[in-house]
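Trainee: I would like to go through this structure with you, one question at a time. Could we start with the terms and then turn to the model?

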Amino acid sequence: RTPRTAVFDLVCDGNLQQSRADDSGHVLQVDLRKPTQPVFVAGQPGTVVFENLPAGMKQCEIWLPTSAQVALRKLRFNTLATVEPASATEKQRRWVHHGSSISHCAEAASPYLSWPAIAAARGNLDLLNLGLGGNCQLDQFVARTIRDEPADLISLKLGINIINMDSMRERTFTPAVHGFLDTIREGKPDTPILIVSPIFCPSAETNPGPTLPDADGKFVTFPRPAEISAGALTLTWVRKILAKVVAQRQAAGDKNLHYLDGLQLFGAEDASDLPDDLHPNAEGYIRMGERFAQLAFAPGRPLAGI
């Protein structure tokens, strides 16, 4: 299909000021049915220009594309501009989020319109998004990274990549979640953590993975003999396991651990904004961000703070 255009956002004083698209650079063509055989097409460096900004001092952020890797070669300013290092006028809480491609948000219209960015803006938070497309697999190096990162709030959106790759059974998934949390708690014993279960994915709700794109580009599961499916995970079962893990740890004394059912963020009623039956489209991500902000950061919610 057509490569996704790289979109850069300029945010000034917390407001999206301009978006600029650029099709320059190398292209990696990936057939999702053969993901280990990408085709590399060489390109040339491009230039992204933000201009006609309002007068006066402003704090500016450049948000890099969610659908491309970026190597910054040069950053230039108008010769009349006065440039100073940013200084925070109001301390923002730092939110560290980890998830799958549904947190990576390559399908978002622009980086500042990914659902974690929308939620962070609503909550006035400093976001570190560790959304790893296809690779939210409860790896210990990720847990150690989160353990060692400065964080006032943590959220973990777990489960869908386990289904996609059929990489764990119930026997291994449950202790892997516990171990991931144990590692984070080594460095963050009291930091609020919100566990978020998977959003709606029609083919995997009651069928185990793996999931693969069909001829129409929709992600589907495939029938397999019952004898090789013992303990295999479905999304319905993953949500129950995650809720149980949180309840067990809460009962053991972790009062800063919380659970959010992913169907509250994006459920069956939202399926029209799920074009490949796995990833929301741009409109779906906007709705997810607004819902997450309300469910997680609003007064009385798990990550609301004091």
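Mentor: Gladly. Buried means under 20% relative accessible area, exposed means over 50%, and partly exposed is in between (1.4 Å probe, protein chains only). Helices (H or I, at least four residues) and strands (E, at least two) are DSSP runs, numbered from the N terminus. This is a predicted model, in which local features need pLDDT of at least 70 and side-chain atom pairs count only at pLDDT 80 or more, while totals for chains, interfaces and linings use all residues. Residues are numbered from 1 along each chain as its sequence is written, and side-chain values use heavy atoms, with hydrogens and water left out.

Trainee: Which residues of H6 are buried?

Mentor: Start with the geometry: H6 has 17 residues and spans 24 Å from its first C-alpha to its last, close to the expected 24 Å at 1.5 Å a residue (the expected span is 1.5 Å times one less than the number of residues). An α-helix has 3.6 residues a turn, so residues three or four places apart point the same way. The buried residues are Leu235, Val238, Arg239, Ile241, Leu242, Val245, Val246 and Arg249.

Trainee: Which residue is the salt-bridge partner of Arg239?

Mentor: A salt bridge is a side-chain nitrogen of Lys or Arg within 4 Å of a carboxyl oxygen of Asp or Glu. Arg239 is buried at 7% relative accessible area, and its closest N and O atoms in this pair are 4.0 Å apart. The partner is in the loop between strand E12 (257–260) and helix H7 (282–297), 22 residues apart from Arg239, and is partly exposed at 26%. The partner is Asp261.

Trainee: How many salt bridges does a search of the whole structure find?

Mentor: One of the pairs joins Asp126 and Arg94 at 3.9 Å, N to O. That pair links distant parts of the chain, with Asp126 in strand E7 (residues 125–131) and Arg94 in strand E6 (residues 93–99), 32 residues apart. Asp270, Asp273, Arg287 and Arg291 are linked in a network of salt bridges. For the whole structure, the search finds 13.

Trainee: Which residue does Arg147 pair with in a salt bridge?

Mentor: The closest N and O atoms of this pair are 3.0 Å apart. Arg147 lies in helix H3 (residues 140–148) and the partner in helix H5 (residues 170–187), 39 residues apart.

Trainee: Is Ile102 buried or exposed?

Mentor: Ile102 lies in helix H1 (residues 101–104). Leaving aside neighbours within four places in sequence, its contacts include Trp115, Ile160, Leu278, Tyr285 and Met288. At 2% relative accessibility, Ile102 counts as buried.

Trainee: What is the area of the nonpolar surface patch that includes Leu64?

Mentor: Patches are made of residues with over 30% relative accessible area and no salt bridge; like charges are joined within 9 Å, and nonpolar side chains (Val, Leu, Ile, Met, Phe, Trp, Tyr) within 5 Å. Areas come from the Shrake-Rupley method with a 1.4 Å probe, and for residues only the protein chains shown count as cover. Leu64 is partly exposed at 46%, and Ile62, Val70, Leu72, Leu75, Phe77 and Val83 are the other members. The patch area is about 680 Å².

Trainee: Which peptide bond is cis, with omega near 10°?

Mentor: Look in the loop between E9 and strand E10 (211–213), where Pro210 is found. The cis bond runs from Gly209 to Pro210.

Trainee: What is the phi of Asp166?

Mentor: Asp166 is in the loop between H4 and H5, and counts as buried at 18%. Its phi is positive, in a residue other than glycine, and lies near 50°.

Conventions:
Contact = heavy atoms within 4.5 Å.
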